[in-house]
Amino acid sequence: MSAPIQIGTDQSDRPVIIDVEELLATRLLVQGNSGSGKSHLLRRILEESAGIVQQVVIDPEGDFVTLADVFGHIVVDGAAYSAAELTRLAARIRQHRASVVLALDGLEIEAQMRCAALFLSALFDAPREQWFPALVVVDEAQMFAPAVAGEVSDEARRLSLAAMTNLMCRGRKRGLAGIVATQRLAKLAKNVAAEASNFLMGRTFLDIDMARAADLLGMERRQAEQIRDLARGEFLGLGPAISRRPVAVRIGAVRTGARVMVQKLAPPPTASPDALHALLHEDLHLDEAAPPAPPPAPMVPAADELLEQIAAVPLDAVEPVEQPQLFAPSQAEIDLAVDRILIDMAAEEGCTFQTPAKLFQDFSVRCRMQRLTAGHVDMATFRRRFAMAVAGVSDEPGGPWQDILRVAQPLADDLLAPFLVIARAAQQGLPCPDDDELARVYGTSSPGRIRRLIDHYERSGLIVVRTDFSGRRSVSIPELGLATEPLEA
Ligand SMILES: Nc1ncnc2c1ncn2[C@@H]1O[C@H](COP(=O)(O)OP(=O)(O)O)[C@@H](O)[C@H]1O
Ligand SMILES: [Mg+2]
(Lines give C-alpha, C1' and ligand atoms only; values in the text may rest on other atoms or scores of the structure.)
(Ligands and ions follow the chains in the order given, each with its own letter.)
Protein backbone atom coordinates (compact mmCIF):
# COMPACT_ATOMS: atom_id res chain seq x y z
CA MET A 1 0.00 0.00 0.00
CA SER A 2 1.49 3.29 -1.01
CA ALA A 3 -0.45 5.95 0.91
CA PRO A 4 -2.38 4.30 3.73
CA ILE A 5 -4.56 6.26 6.13
CA GLN A 6 -6.54 4.79 8.98
CA ILE A 7 -10.21 5.70 8.94
CA GLY A 8 -11.26 3.66 11.96
CA THR A 9 -11.35 0.20 13.42
CA ASP A 10 -13.22 -3.01 12.67
CA GLN A 11 -15.23 -5.15 15.09
CA SER A 12 -12.04 -6.71 16.47
CA ASP A 13 -10.47 -3.30 16.95
CA ARG A 14 -8.06 -3.77 14.09
CA PRO A 15 -7.31 -0.67 12.06
CA VAL A 16 -9.26 -0.20 8.85
CA ILE A 17 -7.12 1.42 6.23
CA ILE A 18 -7.87 3.34 3.04
CA ASP A 19 -5.18 3.51 0.40
CA VAL A 20 -5.31 7.09 -0.82
CA GLU A 21 -3.36 6.37 -3.97
CA GLU A 22 -5.80 3.65 -4.93
CA LEU A 23 -8.66 5.94 -3.97
CA LEU A 24 -7.43 8.49 -6.51
CA ALA A 25 -7.96 5.92 -9.21
CA THR A 26 -11.15 4.32 -7.98
CA ARG A 27 -13.23 7.02 -6.22
CA LEU A 28 -15.60 6.65 -3.27
CA LEU A 29 -19.32 6.75 -2.66
CA VAL A 30 -20.67 7.25 0.86
CA GLN A 31 -24.32 6.72 1.74
CA GLY A 32 -26.16 7.08 5.01
CA ASN A 33 -29.21 8.76 6.47
CA SER A 34 -28.90 12.21 7.90
CA GLY A 35 -27.05 11.86 11.20
CA SER A 36 -25.42 8.55 10.26
CA GLY A 37 -21.99 10.18 10.37
CA LYS A 38 -21.17 10.85 6.69
CA SER A 39 -19.74 14.30 7.21
CA HIS A 40 -17.71 13.03 10.14
CA LEU A 41 -16.38 10.23 7.93
CA LEU A 42 -15.45 12.67 5.17
CA ARG A 43 -13.71 14.85 7.72
CA ARG A 44 -11.75 11.89 9.02
CA ILE A 45 -10.57 11.05 5.50
CA LEU A 46 -9.69 14.69 4.80
CA GLU A 47 -7.80 15.15 8.05
CA GLU A 48 -5.84 11.93 7.72
CA SER A 49 -4.85 12.61 4.13
CA ALA A 50 -4.34 16.38 4.41
CA GLY A 51 -0.57 15.98 4.44
CA ILE A 52 -0.56 13.58 1.51
CA VAL A 53 -2.76 15.04 -1.18
CA GLN A 54 -4.41 18.25 -2.33
CA GLN A 55 -8.05 18.50 -1.29
CA VAL A 56 -11.04 20.36 -2.62
CA VAL A 57 -14.25 20.22 -0.59
CA ILE A 58 -17.60 21.24 -2.01
CA ASP A 59 -19.35 22.09 1.22
CA PRO A 60 -23.05 23.01 0.96
CA GLU A 61 -23.45 23.52 4.71
CA GLY A 62 -20.20 25.28 5.54
CA ASP A 63 -19.27 22.36 7.83
CA PHE A 64 -15.73 21.93 6.67
CA VAL A 65 -14.43 25.48 6.98
CA THR A 66 -12.83 24.50 10.28
CA LEU A 67 -10.27 22.45 8.34
CA ALA A 68 -8.63 25.83 7.75
CA ASP A 69 -7.77 26.21 11.43
CA VAL A 70 -5.61 23.15 11.74
CA PHE A 71 -4.75 22.06 8.21
CA GLY A 72 -4.47 25.40 6.45
CA HIS A 73 -7.24 24.90 3.92
CA ILE A 74 -8.24 28.09 2.17
CA VAL A 75 -11.93 28.84 2.64
CA VAL A 76 -13.60 30.13 -0.50
CA ASP A 77 -16.96 31.69 0.29
CA GLY A 78 -18.94 30.93 -2.85
CA ALA A 79 -21.31 33.83 -2.19
CA ALA A 80 -18.52 36.40 -2.19
CA TYR A 81 -17.27 36.09 -5.76
CA SER A 82 -18.49 36.79 -9.25
CA ALA A 83 -18.64 33.89 -11.66
CA ALA A 84 -15.55 35.13 -13.47
CA GLU A 85 -13.62 35.49 -10.23
CA LEU A 86 -14.60 32.03 -9.09
CA THR A 87 -13.41 30.55 -12.37
CA ARG A 88 -10.04 32.26 -12.02
CA LEU A 89 -9.80 31.22 -8.40
CA ALA A 90 -10.40 27.59 -9.34
CA ALA A 91 -7.74 27.82 -12.05
CA ARG A 92 -5.24 29.16 -9.53
CA ILE A 93 -6.18 26.48 -7.02
CA ARG A 94 -5.09 23.92 -9.61
CA GLN A 95 -2.00 25.86 -10.48
CA HIS A 96 -0.86 26.30 -6.87
CA ARG A 97 -2.23 22.97 -5.62
CA ALA A 98 -4.01 24.69 -2.76
CA SER A 99 -6.36 22.72 -0.54
CA VAL A 100 -9.65 24.58 -0.34
CA VAL A 101 -13.17 24.43 1.05
CA LEU A 102 -15.81 25.93 -1.22
CA ALA A 103 -18.41 27.02 1.36
CA LEU A 104 -21.83 27.38 -0.21
CA ASP A 105 -23.95 27.89 2.88
CA GLY A 106 -24.58 31.55 2.04
CA LEU A 107 -26.43 30.66 -1.16
CA GLU A 108 -29.84 29.46 -2.28
CA ILE A 109 -29.93 25.94 -3.64
CA GLU A 110 -29.96 26.94 -7.30
CA ALA A 111 -27.05 29.32 -6.80
CA GLN A 112 -25.21 26.57 -4.92
CA MET A 113 -25.59 24.31 -7.94
CA ARG A 114 -24.38 26.94 -10.38
CA CYS A 115 -21.49 27.87 -8.17
CA ALA A 116 -20.37 24.27 -7.67
CA ALA A 117 -20.77 23.57 -11.39
CA LEU A 118 -18.67 26.55 -12.37
CA PHE A 119 -16.01 25.74 -9.83
CA LEU A 120 -15.77 22.04 -10.68
CA SER A 121 -15.71 22.76 -14.41
CA ALA A 122 -12.87 25.22 -13.96
CA LEU A 123 -10.90 22.66 -11.94
CA PHE A 124 -11.61 20.17 -14.69
CA ASP A 125 -10.47 22.54 -17.44
CA ALA A 126 -7.00 23.09 -16.00
CA PRO A 127 -4.20 22.75 -18.56
CA ARG A 128 -2.53 19.36 -18.79
CA GLU A 129 0.62 20.39 -16.94
CA GLN A 130 -1.54 21.11 -13.88
CA TRP A 131 -3.26 17.74 -13.65
CA PHE A 132 -1.96 17.13 -10.14
CA PRO A 133 -3.80 14.59 -8.02
CA ALA A 134 -6.49 16.01 -5.75
CA LEU A 135 -9.36 14.59 -3.74
CA VAL A 136 -12.59 16.34 -4.62
CA VAL A 137 -15.05 15.76 -1.81
CA VAL A 138 -18.70 16.59 -2.45
CA ASP A 139 -20.95 16.35 0.61
CA GLU A 140 -24.71 16.08 0.03
CA ALA A 141 -23.93 15.11 -3.55
CA GLN A 142 -27.59 14.39 -4.35
CA MET A 143 -28.06 18.16 -4.37
CA PHE A 144 -25.52 18.61 -7.16
CA ALA A 145 -26.32 15.46 -9.09
CA PRO A 146 -30.02 14.85 -8.48
CA ALA A 147 -31.53 11.73 -10.00
CA VAL A 148 -34.71 13.53 -10.98
CA ALA A 149 -35.70 17.08 -11.83
CA GLY A 150 -36.59 19.08 -8.77
CA GLU A 151 -37.57 22.62 -8.00
CA VAL A 152 -34.51 24.20 -9.56
CA SER A 153 -34.33 25.33 -13.18
CA ASP A 154 -33.44 22.74 -15.79
CA GLU A 155 -30.42 24.77 -16.75
CA ALA A 156 -28.92 24.83 -13.24
CA ARG A 157 -29.54 21.12 -12.91
CA ARG A 158 -27.99 20.38 -16.27
CA LEU A 159 -24.84 22.44 -15.50
CA SER A 160 -24.38 20.92 -12.10
CA LEU A 161 -25.07 17.37 -13.23
CA ALA A 162 -22.64 17.74 -16.13
CA ALA A 163 -19.91 18.98 -13.83
CA MET A 164 -20.48 16.11 -11.39
CA THR A 165 -20.57 13.56 -14.20
CA ASN A 166 -17.33 14.95 -15.59
CA LEU A 167 -15.75 14.77 -12.16
CA MET A 168 -16.72 11.16 -11.61
CA CYS A 169 -16.39 9.82 -15.17
CA ARG A 170 -13.51 11.78 -16.64
CA GLY A 171 -11.83 13.36 -13.63
CA ARG A 172 -9.34 10.59 -13.03
CA LYS A 173 -7.20 11.37 -16.05
CA ARG A 174 -7.02 14.96 -14.85
CA GLY A 175 -5.97 13.93 -11.36
CA LEU A 176 -9.35 14.65 -9.79
CA ALA A 177 -10.67 11.88 -7.55
CA GLY A 178 -14.34 12.23 -6.65
CA ILE A 179 -15.53 11.35 -3.16
CA VAL A 180 -19.26 11.84 -2.94
CA ALA A 181 -21.60 11.45 0.01
CA THR A 182 -25.36 11.21 -0.22
CA GLN A 183 -28.23 10.67 2.17
CA ARG A 184 -30.05 8.54 -0.31
CA LEU A 185 -28.69 6.52 -3.20
CA ALA A 186 -32.03 6.70 -4.96
CA LYS A 187 -31.72 10.50 -5.08
CA LEU A 188 -28.25 10.52 -6.62
CA ALA A 189 -27.91 10.42 -10.40
CA LYS A 190 -27.05 6.87 -11.42
CA ASN A 191 -24.11 7.70 -13.65
CA VAL A 192 -22.46 9.66 -10.84
CA ALA A 193 -22.90 6.83 -8.33
CA ALA A 194 -21.85 4.18 -10.83
CA GLU A 195 -18.35 5.53 -11.30
CA ALA A 196 -17.25 4.89 -7.73
CA SER A 197 -15.62 1.53 -7.04
CA ASN A 198 -15.35 2.04 -3.29
CA PHE A 199 -18.33 2.25 -0.97
CA LEU A 200 -18.92 3.12 2.63
CA MET A 201 -22.53 2.44 3.56
CA GLY A 202 -23.90 3.84 6.81
CA ARG A 203 -27.21 3.53 8.55
CA THR A 204 -30.00 3.49 6.00
CA PHE A 205 -33.70 3.17 6.72
CA LEU A 206 -35.50 3.08 3.40
CA ASP A 207 -35.77 -0.30 1.72
CA ILE A 208 -35.06 1.02 -1.72
CA ASP A 209 -31.76 2.60 -0.61
CA MET A 210 -30.89 -0.44 1.46
CA ALA A 211 -31.42 -2.72 -1.51
CA ARG A 212 -29.23 -0.57 -3.74
CA ALA A 213 -26.54 -0.37 -1.08
CA ALA A 214 -26.61 -4.13 -0.66
CA ASP A 215 -26.30 -4.55 -4.43
CA LEU A 216 -23.26 -2.30 -4.51
CA LEU A 217 -21.68 -4.22 -1.64
CA GLY A 218 -22.51 -7.53 -3.31
CA MET A 219 -24.59 -8.62 -0.34
CA GLU A 220 -27.64 -10.83 -0.28
CA ARG A 221 -30.84 -8.91 0.27
CA ARG A 222 -31.46 -10.56 3.62
CA GLN A 223 -27.96 -9.65 4.81
CA ALA A 224 -28.83 -6.10 3.90
CA GLU A 225 -30.86 -5.81 7.09
CA GLN A 226 -27.65 -5.11 8.97
CA ILE A 227 -27.37 -1.80 7.13
CA ARG A 228 -30.47 -0.74 9.01
CA ASP A 229 -28.90 -1.67 12.33
CA LEU A 230 -25.68 0.25 11.92
CA ALA A 231 -24.99 2.81 14.66
CA ARG A 232 -24.01 6.42 14.03
CA GLY A 233 -20.40 6.44 12.87
CA GLU A 234 -20.48 2.81 11.67
CA PHE A 235 -20.15 1.93 8.01
CA LEU A 236 -19.78 -1.13 5.82
CA GLY A 237 -16.85 -0.66 3.47
CA LEU A 238 -15.88 -2.37 0.25
CA GLY A 239 -13.66 -1.65 -2.72
CA PRO A 240 -10.12 -1.76 -4.08
CA ALA A 241 -8.95 1.07 -1.81
CA ILE A 242 -10.59 -0.38 1.33
CA SER A 243 -11.14 -4.11 1.39
CA ARG A 244 -11.99 -6.95 -0.97
CA ARG A 245 -14.77 -8.16 1.29
CA PRO A 246 -17.30 -6.01 3.09
CA VAL A 247 -15.76 -4.80 6.31
CA ALA A 248 -17.57 -3.14 9.20
CA VAL A 249 -15.75 -0.02 10.33
CA ARG A 250 -16.28 2.32 13.25
CA ILE A 251 -14.97 5.65 12.09
CA GLY A 252 -12.28 7.14 14.31
CA ALA A 253 -12.08 10.55 15.96
CA VAL A 254 -11.46 13.83 14.18
CA ARG A 255 -9.40 16.84 15.18
CA THR A 256 -11.54 19.62 13.78
CA GLY A 257 -15.17 20.19 14.63
CA ALA A 258 -18.13 21.10 12.52
CA ARG A 259 -17.95 24.89 12.60
CA VAL A 260 -17.40 25.48 16.32
CA MET A 261 -13.71 25.25 16.94
CA VAL A 262 -12.19 24.22 20.25
CA GLN A 263 -9.71 27.01 20.88
CA LYS A 264 -6.83 24.94 22.18
CA LEU A 265 -6.72 22.84 19.03
CA ALA A 266 -5.78 25.82 16.89
CA PRO A 267 -2.04 26.27 16.49
CA PRO A 268 -0.75 29.78 15.86
CA PRO A 269 -1.30 30.66 12.21
CA THR A 270 1.66 29.81 10.02
CA ALA A 271 2.87 31.99 7.22
CA SER A 272 2.18 29.67 4.36
CA PRO A 273 -1.64 29.66 4.33
CA ASP A 274 -1.51 33.47 4.33
CA ALA A 275 0.94 33.46 1.49
CA LEU A 276 -1.26 30.98 -0.31
CA HIS A 277 -4.33 33.12 0.32
CA ALA A 278 -2.57 36.14 -1.14
CA LEU A 279 -1.42 34.08 -4.11
CA LEU A 280 -4.94 32.96 -4.86
CA HIS A 281 -6.54 36.35 -4.47
CA GLU A 282 -4.00 38.78 -5.94
CA ASP A 283 -5.54 40.95 -8.65
CA LEU A 284 -8.44 38.56 -8.95
CA HIS A 285 -10.61 41.17 -10.59
CA LEU A 286 -7.94 42.28 -13.04
CA ASP A 287 -7.20 39.07 -14.88
CA GLU A 288 -9.08 40.10 -17.98
CA ALA A 289 -7.98 37.21 -20.16
CA ALA A 290 -9.70 34.52 -18.10
CA PRO A 291 -12.37 32.51 -19.90
CA PRO A 292 -15.69 34.29 -20.01
CA ALA A 293 -18.00 33.14 -17.29
CA PRO A 294 -21.44 31.82 -18.10
CA PRO A 295 -24.08 34.50 -17.81
CA PRO A 296 -25.83 34.72 -14.46
CA ALA A 297 -29.29 33.30 -14.17
CA PRO A 298 -31.78 35.82 -15.49
CA MET A 299 -33.97 37.28 -12.79
CA VAL A 300 -37.52 36.79 -13.82
CA PRO A 301 -39.79 39.40 -12.30
CA ALA A 302 -43.42 38.54 -11.77
CA ALA A 303 -45.68 39.62 -14.62
CA ASP A 304 -47.49 42.31 -12.63
CA GLU A 305 -44.17 43.71 -11.42
CA LEU A 306 -42.98 43.87 -15.00
CA LEU A 307 -46.10 45.71 -16.11
CA GLU A 308 -45.64 48.21 -13.30
CA GLN A 309 -42.04 48.77 -14.31
CA ILE A 310 -42.97 49.33 -17.93
CA ALA A 311 -45.77 51.70 -17.01
CA ALA A 312 -43.42 53.69 -14.79
CA VAL A 313 -41.02 54.59 -17.62
CA PRO A 314 -41.95 57.86 -19.39
CA LEU A 315 -42.02 57.30 -23.11
CA ASP A 316 -39.48 60.00 -23.98
CA ALA A 317 -36.99 58.42 -21.58
CA VAL A 318 -36.58 55.39 -23.79
CA GLU A 319 -33.13 55.51 -25.30
CA PRO A 320 -32.71 54.84 -28.98
CA VAL A 321 -31.60 51.27 -29.54
CA GLU A 322 -28.26 50.93 -31.26
CA GLN A 323 -28.94 49.70 -34.78
CA PRO A 324 -27.08 46.69 -36.08
CA GLN A 325 -24.53 47.55 -38.74
CA LEU A 326 -26.15 47.87 -42.13
CA PHE A 327 -22.98 47.91 -44.21
CA ALA A 328 -20.28 45.31 -44.07
CA PRO A 329 -17.02 47.12 -43.21
CA SER A 330 -14.36 47.22 -45.89
CA GLN A 331 -11.11 45.30 -45.47
CA ALA A 332 -9.27 48.56 -44.78
CA GLU A 333 -11.74 49.41 -42.02
CA ILE A 334 -11.36 45.95 -40.54
CA ASP A 335 -7.57 46.25 -40.61
CA LEU A 336 -7.74 49.59 -38.91
CA ALA A 337 -10.06 48.30 -36.19
CA VAL A 338 -7.90 45.22 -35.63
CA ASP A 339 -4.79 47.40 -35.40
CA ARG A 340 -6.47 49.54 -32.80
CA ILE A 341 -7.46 46.48 -30.75
CA LEU A 342 -3.89 45.19 -30.92
CA ILE A 343 -2.48 48.55 -29.84
CA ASP A 344 -4.92 48.66 -26.90
CA MET A 345 -3.98 45.16 -25.86
CA ALA A 346 -0.26 45.85 -26.19
CA ALA A 347 -0.63 48.90 -23.95
CA GLU A 348 -1.97 46.83 -21.06
CA GLU A 349 0.48 46.22 -18.30
CA GLY A 350 1.69 42.65 -18.06
CA CYS A 351 0.21 41.70 -21.42
CA THR A 352 3.40 40.05 -22.66
CA PHE A 353 3.36 37.70 -19.69
CA GLN A 354 0.05 36.16 -20.75
CA THR A 355 -0.01 32.92 -22.69
CA PRO A 356 -0.68 33.25 -26.43
CA ALA A 357 -3.89 31.28 -26.00
CA LYS A 358 -5.23 33.71 -23.40
CA LEU A 359 -4.21 36.69 -25.47
CA PHE A 360 -5.88 35.30 -28.54
CA GLN A 361 -9.02 34.65 -26.58
CA ASP A 362 -8.98 38.23 -25.32
CA PHE A 363 -8.43 39.42 -28.87
CA SER A 364 -11.37 37.39 -30.17
CA VAL A 365 -13.65 38.79 -27.48
CA ARG A 366 -12.61 42.36 -28.30
CA CYS A 367 -13.25 41.70 -31.99
CA ARG A 368 -16.69 40.33 -31.26
CA MET A 369 -17.51 43.36 -29.15
CA GLN A 370 -16.85 45.49 -32.22
CA ARG A 371 -18.87 43.13 -34.38
CA LEU A 372 -15.75 42.04 -36.21
CA THR A 373 -15.11 38.41 -36.74
CA ALA A 374 -11.64 37.41 -35.63
CA GLY A 375 -11.88 34.66 -38.23
CA HIS A 376 -9.63 36.30 -40.76
CA VAL A 377 -6.86 36.68 -38.18
CA ASP A 378 -5.71 33.22 -37.15
CA MET A 379 -3.60 32.44 -34.11
CA ALA A 380 -0.26 32.57 -35.99
CA THR A 381 -1.07 35.90 -37.64
CA PHE A 382 -2.33 37.22 -34.35
CA ARG A 383 0.91 36.34 -32.56
CA ARG A 384 3.03 38.19 -35.13
CA ARG A 385 0.79 41.19 -35.20
CA PHE A 386 0.61 41.32 -31.43
CA ALA A 387 4.42 41.20 -31.26
CA MET A 388 4.52 44.08 -33.72
CA ALA A 389 2.04 46.07 -31.65
CA VAL A 390 4.10 45.48 -28.51
CA ALA A 391 7.19 46.73 -30.33
CA GLY A 392 5.33 49.69 -31.81
CA VAL A 393 5.95 48.58 -35.39
CA SER A 394 3.30 48.36 -38.11
CA ASP A 395 3.33 46.61 -41.45
CA GLU A 396 1.63 49.33 -43.41
CA PRO A 397 2.81 48.94 -47.05
CA GLY A 398 5.49 51.45 -47.92
CA GLY A 399 5.70 52.32 -44.19
CA PRO A 400 8.95 52.84 -42.29
CA TRP A 401 9.23 49.34 -40.84
CA GLN A 402 9.09 47.24 -44.00
CA ASP A 403 12.83 46.47 -44.09
CA ILE A 404 12.93 45.51 -40.45
CA LEU A 405 9.98 43.18 -40.88
CA ARG A 406 11.61 41.57 -43.91
CA VAL A 407 14.77 40.84 -41.92
CA ALA A 408 12.68 39.54 -39.01
CA GLN A 409 10.71 37.21 -41.25
CA PRO A 410 12.56 33.98 -40.30
CA LEU A 411 12.10 34.55 -36.56
CA ALA A 412 9.63 32.39 -34.65
CA ASP A 413 6.59 34.29 -33.35
CA ASP A 414 7.70 34.28 -29.74
CA LEU A 415 11.14 35.68 -30.58
CA LEU A 416 9.84 38.49 -32.75
CA ALA A 417 8.96 41.31 -30.34
CA PRO A 418 12.38 41.81 -28.65
CA PHE A 419 14.12 41.85 -32.01
CA LEU A 420 11.70 44.44 -33.35
CA VAL A 421 12.29 46.63 -30.32
CA ILE A 422 16.04 46.52 -30.89
CA ALA A 423 15.70 47.09 -34.64
CA ARG A 424 13.34 49.98 -34.09
CA ALA A 425 15.80 51.65 -31.73
CA ALA A 426 18.52 51.16 -34.35
CA GLN A 427 16.41 52.70 -37.08
CA GLN A 428 15.55 55.67 -34.91
CA GLY A 429 19.14 56.16 -33.76
CA LEU A 430 18.21 55.49 -30.12
CA PRO A 431 20.24 53.65 -27.48
CA CYS A 432 19.90 49.88 -27.35
CA PRO A 433 16.93 48.94 -25.12
CA ASP A 434 18.09 47.71 -21.72
CA ASP A 435 17.55 44.18 -20.40
CA ASP A 436 14.51 45.23 -18.38
CA GLU A 437 12.76 46.52 -21.46
CA LEU A 438 13.70 43.44 -23.46
CA ALA A 439 12.48 41.21 -20.63
CA ARG A 440 9.16 43.05 -20.51
CA VAL A 441 8.66 42.73 -24.23
CA TYR A 442 9.69 39.08 -24.21
CA GLY A 443 7.41 38.35 -21.25
CA THR A 444 10.06 36.95 -18.93
CA SER A 445 11.55 37.93 -15.60
CA SER A 446 14.65 35.84 -16.11
CA PRO A 447 17.84 37.72 -17.12
CA GLY A 448 19.26 34.37 -18.26
CA ARG A 449 16.56 34.02 -20.89
CA ILE A 450 17.36 37.47 -22.25
CA ARG A 451 21.05 36.58 -22.52
CA ARG A 452 20.18 33.37 -24.36
CA LEU A 453 17.79 35.26 -26.61
CA ILE A 454 20.45 37.78 -27.62
CA ASP A 455 22.93 34.92 -28.20
CA HIS A 456 20.35 33.31 -30.41
CA TYR A 457 19.83 36.48 -32.49
CA GLU A 458 23.57 36.80 -32.80
CA ARG A 459 24.13 33.18 -33.86
CA SER A 460 21.35 33.56 -36.44
CA GLY A 461 23.30 36.46 -37.94
CA LEU A 462 20.51 38.94 -37.25
CA ILE A 463 22.49 41.18 -34.95
CA VAL A 464 26.01 41.87 -33.82
CA VAL A 465 26.46 42.97 -30.22
CA ARG A 466 29.31 45.24 -29.39
CA THR A 467 30.31 46.21 -25.87
CA ASP A 468 32.73 49.13 -25.67
CA PHE A 469 35.46 49.65 -23.09
CA SER A 470 33.23 51.48 -20.72
CA GLY A 471 30.82 48.52 -20.83
CA ARG A 472 28.23 50.24 -23.03
CA ARG A 473 26.27 47.91 -25.28
CA SER A 474 25.28 48.69 -28.83
CA VAL A 475 23.67 46.41 -31.35
CA SER A 476 23.98 46.55 -35.11
CA ILE A 477 21.86 44.89 -37.76
CA PRO A 478 24.33 44.15 -40.55
CA GLU A 479 21.79 43.41 -43.23
CA LEU A 480 20.24 46.85 -42.88
CA GLY A 481 23.41 48.73 -42.07
CA LEU A 482 21.81 50.06 -38.87
CA ALA A 483 23.13 50.26 -35.31
CA THR A 484 21.72 51.42 -32.00
CA GLU A 485 23.45 54.06 -29.96
CA PRO A 486 25.44 52.59 -27.09
CA LEU A 487 23.41 51.97 -23.93
CA GLU A 488 24.93 53.63 -20.87
CA ALA A 489 25.89 50.81 -18.49
N1 LIG B 1 -17.59 8.19 14.24
C2 LIG B 1 -18.10 9.17 15.01
N3 LIG B 1 -17.57 9.41 16.21
C4 LIG B 1 -18.07 10.38 17.00
N5 LIG B 1 -19.07 11.20 16.63
C6 LIG B 1 -19.63 11.02 15.44
C7 LIG B 1 -19.17 10.01 14.56
N8 LIG B 1 -19.90 10.06 13.43
C9 LIG B 1 -20.76 11.08 13.61
N10 LIG B 1 -20.62 11.64 14.81
C11 LIG B 1 -21.41 12.76 15.33
O12 LIG B 1 -22.76 12.57 14.99
C13 LIG B 1 -23.38 13.73 14.51
C14 LIG B 1 -23.92 13.55 13.09
O15 LIG B 1 -22.86 13.21 12.24
P16 LIG B 1 -22.69 13.83 10.79
O17 LIG B 1 -21.36 13.41 10.30
O18 LIG B 1 -22.98 15.28 10.80
O19 LIG B 1 -23.85 13.06 10.04
P20 LIG B 1 -24.38 13.22 8.54
O21 LIG B 1 -23.39 14.04 7.80
O22 LIG B 1 -24.46 11.83 8.03
O23 LIG B 1 -25.70 13.87 8.63
C24 LIG B 1 -22.32 14.81 14.57
O25 LIG B 1 -22.48 15.56 15.74
C26 LIG B 1 -21.03 14.04 14.62
O27 LIG B 1 -20.02 14.74 15.31
MG1 LIG C 1 -23.60 15.81 6.85
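Predicted model: local features only at pLDDT ≥ 70, side-chain atom pairs only at ≥ 80, totals over all residues.
## Helix α17 and its contacts

Helix α15 (residues 379–391) and helix α17 (residues 413–427) have axes that come within 8 Å and cross at roughly 25°. Angles under 35 degrees count as roughly parallel, and therefore α15 is roughly parallel to α17. The crossing of these two helices is right-handed. On the α15 side, the contact is made by Ala380, Arg383, Arg384, Ala387, Met388, Val390 and Ala391. On the α17 side, the residues are Asp413, Leu416, Ala417, Leu420, Val421 and Arg424. The residues of this contact comprise 9 nonpolar and 4 charged, with no polar ones.

α17 also packs with helix α18 (residues 435–442), at an angle of about 145° and with the axes 8 Å apart. This crossing, too, is right-handed. Here Ala417, Pro418 and Val421 of α17 meet Glu437, Leu438, Val441 and Tyr442 of α18. The contact between α17 and α18 has 6 nonpolar residues, 1 charged residue and no polar residue. Ala417 and Val421 of α17 take part in the contact with α15 and also in the one with α18.

## Helices α5 and α7

Helix α5 (residues 109–124) packs with helix α7 (residues 154–170) at an angle of about 35°, and their axes are 8 Å apart. α5 passes α7 in a left-handed crossing.

From α5, the contact takes in Glu110, Met113, Arg114, Ala116, Ala117, Leu120, Ser121 and Phe124. From α7, Ala156, Arg157, Leu159, Ser160, Ala163, Asn166 and Leu167 take part. These contact residues divide into 9 nonpolar, 3 polar and 3 charged.

An α-helix has 3.6 residues a turn, so residues three or four places apart point the same way.

## The buried residues of helix α9

Helix α9 covers residues 207–217, and within it Asp209, Met210, Arg212, Ala213, Ala214 and Leu216 are buried. These buried residues pack against β3, β9 (198–201) and α10 (225–229).

Just after α9 comes Gly218, which takes a positive phi of about 70°.

Asp13 is not a glycine, yet its phi is positive, at about 65°. Asp13 sits in the loop between β1 (4–9) and β2 (15–19). Asp13 counts as exposed because it has 7 C-beta neighbours inside 10 Å, and the cut-off for an exposed residue is 12 or fewer.

Arg27 likewise has a positive phi, of about 60°, although it is not a glycine. Arg27 lies in the loop between α1 (20–26) and β3 (28–31). Is Arg27 buried or exposed? Arg27 has 25 C-beta neighbours inside 10 Å and therefore counts as buried, the cut-off being 20 or more.

Key. Residues numbered from 1 in each chain as written. Chains lettered and ligands numbered in written order. Axes fitted to C-alpha atoms, helices over the stretch in contact; angles between N-to-C directions. Helix = DSSP H or I, 4+ residues; strand = E, 2+ residues; numbered from the N terminus. Parallel < 35°, antiparallel > 145°, perpendicular 65-115°, else oblique. Left-handed = near helix turned anticlockwise from the far one by under 90°. Contact = placed C-beta atoms within 7 Å. Nonpolar A, V, L, I, M, F, W, Y, C, P; charged D, E, K, R; others polar.
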